[in-house]
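Here is a short walk-through for anyone opening this one for the first time. Keep the viewer open and follow along point by point.

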Amino acid sequence: MRRWGILRGKEHNLVKDLKETTLSFKKLGERYGVSRQAVHAFSKREGVKRPAKPKGHQTEGCCLCQKLIQISKKPHSEFISIHTIRKEMGVKSGRKYFFHLRILRDRGLVGQKFGRLFSKRAEKAYAIYFTKRLPIRTIGRKVGYKSFYSIIQWHRASGWNVPPSLYVYDGGERSRIKSKIQRKKQR
Ligand SMILES: [Zn+2]
């Protein structure tokens, strides 16, 4: 007798899935090639007690959360602006992922500062700061900051982990100035 369509012969597996997973009737229906209603009716008929879904947002099964985690694994991800994150997420409104971002931060799955940089200009400046051996003033001038140094100071004070500049001030600049002076003297 074909009581459950192509489910026949797989009843045991479905009971197992109903008892051990929190997959929806719809998802299970897809898995067994029957309708959501058929799974629901079957579950009722068999008297299956379904496990309670774990509390809170399920980040593992959420594509927005997974995408955010992926972006946060990039180097210096705390210096990626929300504009860029939004672009990479492919969502127009920030609201859609703020909820997920907060949960991920609360659970320590992304850095505390991830998604908190709002300035595109700061993002641009830091991108140079992390990759090019240039004086902070030069970087500031490139992106249009009066003082990129004070921006860095502000970020450090606010909890961003800004690594030291690639540009070596003490060695490089000073000795170059010194040798210039000495060369002038020698002439
Ligand atoms: Zn999520």
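The notes below go through confidence, the metal site, the cysteines, the charged pairs and the aromatic rings.

1. The average pLDDT over the chain is 86, and 85% of the residues reach at least 70. Which parts sit at the two ends of the confidence range? Helix α7 (residues 120–131) has the highest confidence with 97, while helix α10 (residues 169–186) has the lowest, with a mean of 60. Where pLDDT is low, the predicted coordinates should not be read in detail.

2. **The zinc ion.** Which residues hold the zinc ion? Its protein donors are H57 through NE2, C62 through SG, C65 through SG and H100 through ND1, at 2.1 to 2.2 Å from the metal. Written along the sequence, the spacing of these donor residues is H-x4-C-x2-C-x34-H.

3. **Geometry at the metal.** Why call the zinc site tetrahedral? The angles between its four donor atoms run from 103 to 117°, and the label applies because all of them fall between 85 and 135 degrees. For reference, the ideal angle for four tetrahedral donors is 109.5 degrees.

4. Are C62 and C65 buried or exposed? C62 has a relative accessible area of 10%, so it is buried. C65 is buried too, with a relative accessibility of 0%. The cut-off behind both calls is under 20%.

5. C63 is exposed, with 63% relative accessible area, whereas C62 is buried.

6. Side chains of opposite charge can pair when their charged atoms come close. How many salt bridges are there? The count is four. One of them joins E20 and K16, with 3.6 Å between the closest N and O atoms. Both residues belong to helix α1 (residues 11–20) and sit four residues apart, about one turn of the helix. E20 is exposed at 56% relative accessible area, and K16 is partly exposed at 43%.

7. **A bridge between distant parts.** The side chains of K74 and E88 meet in a salt bridge too, at 3.1 Å from N to O. This pair links distant parts of the chain: K74 is in the loop between α4 (63–72) and α5 (82–89), and E88 is in helix α5, 14 residues apart. K74 is partly exposed at 36% relative accessible area, and E88 is partly exposed at 30%.

8. H76 is worth a click: its phi is positive, about 55°, although H76 is not a glycine. You will find H76 in the loop between α4 and α5. With 38% relative accessibility, H76 counts as partly exposed.

9. **Aromatic rings.** The structure holds 10 aromatic pairs. Among them is the tilted pair of F79 and Y126, with 4.5 Å from centre to centre and 50° between the planes. That pair links distant parts of the chain, with F79 in the loop between α4 and α5 and Y126 in helix α7, 47 residues apart. Both F79 and Y126 are buried. Y145 and F148 are both buried.

10. **The ring cluster.** Which residues do the ring pairs link into a cluster? The members are F79, Y126, Y129, F130, Y145 and F148. So much for the rings; happy viewing.

Key: Residues numbered from 1 in each chain as written. Predicted model: local features only at pLDDT ≥ 70, side-chain atom pairs only at ≥ 80, totals over all residues. Heavy atoms only, no water. Donors = N, O, S within 2.8 Å, 3.2 Å for Na, K, Ca; no water. Tetrahedral: all angles 85-135°; square planar, octahedral: opposite > 155°, others 65-115°. Buried < 20%, exposed > 50% of the residue type's maximum accessible area, 1.4 Å probe, protein only. pLDDT = per-residue confidence, 0-100. Helix = DSSP H or I, 4+ residues; strand = E, 2+ residues; numbered from the N terminus. Phe/Tyr/Trp six-rings, centres within 6.5 Å; stacked < 30°, edge-to-face > 60°.
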